[in-house]
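Biologist: I'm new to this one. Can you walk me through a few spots?
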Amino acid sequence: MEELICIVEQPCFKRKKVMVYYQFAQLLQKADMVMSSNYIFGLAGASHVIGFIPTNEAISTAIAAGQIPGMDATGAVTSSLELRQYLLSYFIRDRENALISYPYPGSAMKSSTYVTASGKSLTYTDSGSSLSIMVDGKVANVISDYNFFPFAFDDGCFQLIDTVL
């Protein structure tokens, strides 16, 4: 799909439209977690889910460096179970946590430690002007490209983060 991009006082040009979560969606598929168009393995049964998803660039860099558990540096899956558990660490669900708000600076979602869908601890920090998370001692910052507002859906939302965990 292509879209026409026009910038005031500059010529228009065409570019391919790429979803900001494309690489993460590909990882979910490689881990056999996409069960249907509205069901992701490990997230069923939750009324609300919050995902912290690495940018396409962060995922591409991490794959090439062999930093994605359950995958090799070519992007081939070596263990779908290990990849699945790793990907679930990017999500928090209302089954394990009291989720009353979406994450953005100053929201009702306060800095705290939450349990991920994989059972790991995720520390969420709202400094008032930025957001960050930490899992297994690795810190990721929510990117400000969209003014820190999450991509919201009926049953949850996601924020983009600058690195893999």
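Biologist: Where is S89 found?
Modeller: This is a predicted model, to begin with. S89 is in the loop between α3 and β6.

Biologist: Is S89 buried or exposed?
Modeller: Buried. Its relative accessibility is 4%, and the cut-off for buried is under 20%.

Biologist: What is S89 in contact with, leaving aside neighbours within four places in sequence?
Modeller: T116, S118, K120, L122 and V135.

Biologist: New topic, α1. Which of its residues are buried?
Modeller: F24, L27 and L28, in a helix that covers residues 22-30. Seen down the axis, they fall within an arc of 100°, so they line one face of α1.

Biologist: What covers the buried residues of α1?
Modeller: The cover includes strands β3, β4, β5 and β6, along with helices α2 and α3.

Biologist: How do the axes of α1 and α2 cross?
Modeller: At roughly 50°, and they come within 7 Å. That angle makes α1 oblique to α2.

Biologist: Which residues make the contact?
Modeller: From α1, Y22, Q23, F24 and L27. From α2, N56, I59, S60 and I63. They divide into 5 nonpolar, 3 polar and no charged.

Biologist: And what follows α1?
Modeller: D32 does, with a positive phi near 60°.

Definitions and conventions. Residues numbered from 1 in each chain as written. Predicted model: local features only at pLDDT ≥ 70, side-chain atom pairs only at ≥ 80, totals over all residues. Heavy atoms only, no water. Buried < 20%, exposed > 50% of the residue type's maximum accessible area, 1.4 Å probe, protein only. Helix = DSSP H or I, 4+ residues; strand = E, 2+ residues; numbered from the N terminus. Arc of directions from axis to C-beta. Contact = heavy atoms within 4.5 Å. Axes fitted to C-alpha atoms, helices over the stretch in contact; angles between N-to-C directions. Parallel < 35°, antiparallel > 145°, perpendicular 65-115°, else oblique. Nonpolar A, V, L, I, M, F, W, Y, C, P; charged D, E, K, R; others polar.
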